Amino acid sequence: MAPRGRARGSGRGAEDEGAPRRRRRLSPEELLDIVMADEAEEVEPPRVVDRSEHEVSRRDIDPDALKILYRLQDKGFRGYLVGGGVRDLMLGLRPKDFDIATDASPRQLKRLFGNGRIIGRRFQLVHIHYPNGKIIEVATFRSTGESDRVERNGELIHRDNVFGTPSEDALRRDLTINGLFYDIATFAIIDYVGGFQDLEDGLVRMVGDPVYSFREDPVRMLRAIRHATRLGFEIERETRRALESEREEILKANEARLLEEFYKDLASGRSRPYFEELDATGFLELLLPSLTATFRRRGARRGRALLQESLERLDERHARGEEISHVLGLAALLSPLIVPVTETLGGSGNEPNPEPFREALMPALERVRVYRRDAERLWHVLGAWGRLERAMERESIPKSLSRRHYFPEALDVFELLSEPSDELDAFLELGRSLPPPTEEPPEPKRRPRRGGRGRGRGGRGGEGSGGAARARGAARSPAGGAERTSSQESDGGGGRRRRRRRRRTSGKRS
Ligand code: ATP
Ligand code: MG
C-alpha cells in the first residue's frame, strides 16, 4: 500500500482563513493518498465473493500476470485482476488479456518492473513487456473524473491527478460485468457495481446511469452490443432504452477509438452476429449510411445478404485460425459496395485500377475514417481485382503481379468476395504456392499535422485518455502484426512521433 499519513496538502489551519493561498504542487503519490483516505470512508462497502463461491482459479491466470500480482502484494500494494479477464474467467472462457489494477503509481510500477514502460498522457499506465511480444497492462486505480476538487480540513485542493480508489475505478468502467476485481491477497471477487449478479443473470448493464455513461463515452454503446452478442446476454432494460435514446451520440465518438472497436469486432470471429445487431439497432445506418443504402437497392447478391455472407466467411476464417487483417475486415464490411464495382470490371485490366473502388468507397469512409495506411493498402488490393480475374481466366499469374507486396492479401480479399468455384480454388492454390512477394510495402505517407491534440473529437467527460487506453483492442491484438499500445497511439504519424518522443523522455526521468 502506498505509505499513508505522509504530508497531505499544505496543512493550513483555521487561523489562515482568508490569507492568500499558495498551493504547493503535490506529488502524484500524495494526491493518491489524499483521495484514497478522504473517499474511502464515503463509499458503500463492496460485495465480497469468497473464493469458495466463484470460479476464478489461479490455474487459469496467465503466469506472468500472476507474478505481477504477487510482486505488487509483496511490496505492500494492492493487486487486482480486473476487467474482461475476470469476466471471462468467471464464465469459464479464456480471457484475451489480463489487465491489472493497483494503488501503486505509474512511477512506482516502473521502479518495480524493469520491463515496464509508462504510456499515456493524462492518465498514465504501465505496459509490462515480455520477450514473446506479450504485454500486460497495469493501471493505477482511476478516478471517476467527476470531482476535480478534494476538500481536506476545510481546504479545497484542486485535484488534477486522475488516480482514484478501487471503488472509483470500478464505477468508471463500462459494463457491470466488466467492473469486477479479483484480489490476489484473498482470492475473493470484489464487486462494487453489481456485476457478479449480472453475470449470473446473463445481463449486460451499464455501470451507473446508462444515459450518462453513453454521453460520456459513446463508444460504450458499441461495447455493450458487442458483449451482449458475444456472450449471448440480454441487454438490461434501462441500458437498452438508453441505447435507443442516445444512439445518435455515436456520431460524437472519437474516430480513432471507433475504428479500433470496428477492427476488433471484424477480427473477433463473431462479426456476423455483431454487425447484424448494429444493423438492427440502427447504429450501422448512422455510421455507414452509404453501406446501408445498398440494402434498399434491388439486385441479386446485393446488400444485406452480401454483407452477411462476407462476414460469415470472415468468421469461418477466424475459426480456421487464419489472420484477419484490417484490410480484409474492411473488405468484408464494405462488400455490398465493393462487389458491384468488381462486376463492372469484366476481367479487363492489365494495370492496377483502384479508381472505381476509391470512388465507390470514399463516401462510406466519411464517418468511419480508416488510417491512411489501411486505406492505401485497400486501394492496392482492390486495384488488383481486374488483374486477378484475368490471371484466373488464363490460369497463370504474371510475376509482375505476384511480386507485389499486396499480392497475398489481394488473394485473400479475392477469395472472400468471389463466388466459390473449382476454378477459384485452383487459382488460389496456384497463387498461394508462389514464393512470397519480393516488393517492400511503401512507407506510409505522412498525414499532415492537424491542429489540436490527437485526431478524435474525443469522448466526453475526460474518457479520452483512459477510455482509449482501455479500449485498446488493437493495442495488443496481433492482427496485422503491428502491436499498438493503445488507441491513444493509433492516430496518424505525427501524433505518434510526438508521443514516442515524450515516452522516451519520461523513461529517462524515472
Ligand atoms: P475483450 O475480451 O474484448 O478484451 P474487455 O472487456 O476486456 O473485452 P478491453 O478493451 O480489453 O475489453 O477493456 C478492458 C476493461 O477496461 C473492460 O473490461 C472495462 O472494464 C474497461 N473499459 C474498456 N473500455 C471502456 C470504456 N470505453 N469505458 C469504461 N471502461 C472501459
Ligand atoms: Mg480485454
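Student: Which residues of H14 meet Ser 335, Pro 336 and Val 339 in H16?

Tutor: This is a predicted model: local features need pLDDT of at least 70, side-chain atom pairs count only at pLDDT 80 or more, and totals for chains, interfaces and linings use all residues. Helices (H or I, at least four residues) and strands (E, at least two) are DSSP runs, numbered from the N terminus. Two residues are in contact if their C-beta atoms, placed from the backbone, lie within 7 Å. On the H14 side, the residues that meet H16 are Gly 303, Leu 306, Leu 307 and Ser 310.

Student: At what angle do H14 and H16 pack?

Tutor: Residues are numbered from 1 along each chain as its sequence is written, while chains are lettered from A and ligands numbered from 1 in the order in which they are written. Axes are lines fitted to C-alpha atoms, for helices over the stretch in contact, and angles run from 0 to 180 degrees between N-to-C directions. H14 spans residues 303–319 and H16 spans 335–345, with axes 8 Å apart. Their packing angle is about 105°.

Student: What is the orientation of H14 relative to H16?

Tutor: Angles under 35 degrees count as roughly parallel, over 145 as roughly antiparallel, 65 to 115 as roughly perpendicular and the rest as oblique. The angle here is about 105°. That makes the two helices roughly perpendicular.

Student: How many residues in this contact are nonpolar, polar and charged?

Tutor: Ala, Val, Leu, Ile, Met, Phe, Trp, Tyr, Cys and Pro count as nonpolar, Asp, Glu, Lys and Arg as charged, and the others, Gly among them, as polar. The contact of H14 with H16 divides into 4 nonpolar, 3 polar and no charged.

Student: Which residue in E10 stands opposite Val 49?

Tutor: E10 covers residues 189–191. E1 and E10 pair in the antiparallel sense over 3 bridges. Opposite Val 49 stands Ile 189.

Student: Which residues of E2 point the opposite way from Gly 79 and Leu 81?

Tutor: In a regular strand the side chains alternate between the two faces of the sheet. All four of these E2 residues are buried (20 or more other C-beta atoms within 10 Å of the residue's own; exposed means 12 or fewer, partly exposed in between; C-beta atoms are placed from the backbone). Pointing the other way are Tyr 80 and Val 82.

Student: How many of the 6 residues of E6 are buried?

Tutor: E6 pairs with E3 in the parallel sense over 3 bridges. With E5, it pairs in the antiparallel sense over 5 bridges. E6 is mostly covered, and its buried residues number 5.

Student: Which glycine takes a positive phi in the hairpin of E5 and E6?

Tutor: The hairpin has 5 residues between its strands. One of them has a phi near 95°: Gly 133.

Student: Why do the buried residues of H9 line one face of the helix?

Tutor: H9 spans residues 237–245, and its buried residues are Thr 239, Ala 242 and Leu 243. The face turned away from them carries the exposed residues Arg 237, Glu 244 and Ser 245. The arc is that of the directions from the helix axis to the C-beta atoms. The buried residues line one face because, seen down the axis of H9, they fall within an arc of 105°.

Student: Is Glu 395 buried or exposed?

Tutor: Glu 395 lies in the loop between H19 (385–394) and H20 (399–402). Its phi is positive, about 55°, although it is not a glycine. With 10 other C-beta atoms within 10 Å, Glu 395 is exposed.

Notes. Pairing = 2+ DSSP bridges.
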